[in-house]
Amino acid sequence: MGIYDGGGQSAQFPKIGTEYEGEVLSYRETQQKDMDTGKLVTWEDGSPKMMGVWTLDAGATGKWEDRTGDGDWVHVDVEDDDGVRTVYASGGLHTAIGAALRKAKVRGSDSFVGGTLRVKLIRTEKSQTKGYRPRKIFEAEFTKGEPKPDGVYADKTDEDDDFSV
């Protein structure tokens, strides 16, 4: 699929209680990028800092907008919303999803597709690093499912998503 074929909107978590739940259409891992520079992020030892990219069929959920620029986010409907959301899992979200997968006794990314993933922002904590935004704390649940035959998800996923953290 090409970059303009559509892989769903990015899942946004601007407010405590924001939640997405849906069938996993695809999963892949990609190296994180710095949001300011666009450069690939690595650990101190030089190894790549990875994140999970989950594509969910979450139903028509609209999107969040900060219309005033002051952090007062409002939820708006999106015309022709196909419900596909891409969840970029790093940091606290990665930790929560990992715990959910262990609880569901899921091993190997091949068994993610067809399952149901629910992720929710439950609270924030003050950053321990001065000048950083509050740390987001998530909860997640995963239920095993059965993947559909090859090609069923082809029109709802995009393997060329590019995202920076």
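Strands β7 (116–125) and β8 (135–143) run antiparallel and are joined by 9 bridges. Strands here are DSSP E runs of at least two residues, and helices are H or I runs of at least four, numbered from the N terminus. The bridge partner of Glu 125 is Arg 135 in β8. The model is predicted; local features need pLDDT of at least 70, side-chain atom pairs count only at pLDDT 80 or more, and totals for chains, interfaces and linings use all residues. Residues are numbered from 1 along each chain as its sequence is written, and side-chain values use heavy atoms, without hydrogens and water.

The open sheet has 6 strands, ordered β1-β6-β3-β2-β7-β8, with mixed pairing; two strands pair if DSSP finds at least two bridges between them. β1 (9–10) and β8 each have a single partner strand, so one side of each lacks a neighbour in the sheet. α1 packs on this sheet and touches β3, β6, β7 and β8, contact meaning heavy atoms within 4.5 Å.

The largest nonpolar core has 24 residues. Such a core is a set of buried Ala, Val, Leu, Ile, Met, Phe, Trp, Tyr and Cys residues joined through side-chain atoms within 4.5 Å; buried means under 20% relative accessible area, with a 1.4 Å probe and protein chains only. The largest share, 5 residues, comes from α1. Val 119, among the members that touch the most others, contacts Phe 13, Leu 93 and Ile 97, among other residues.

Values for the protein chain:

| Property | Value |
|---|---|
| Buried residues | 35% of 165 residues |
| Contacts joining residues at least 24 apart | 69% of those between residues at least 6 apart in sequence |

How values were computed:
Buried < 20%, exposed > 50% of the residue type's maximum accessible area, 1.4 Å probe, protein only. Axes fitted to C-alpha atoms, helices over the stretch in contact; angles between N-to-C directions. Lists of a residue's contacts leave out its neighbours within four places in sequence.
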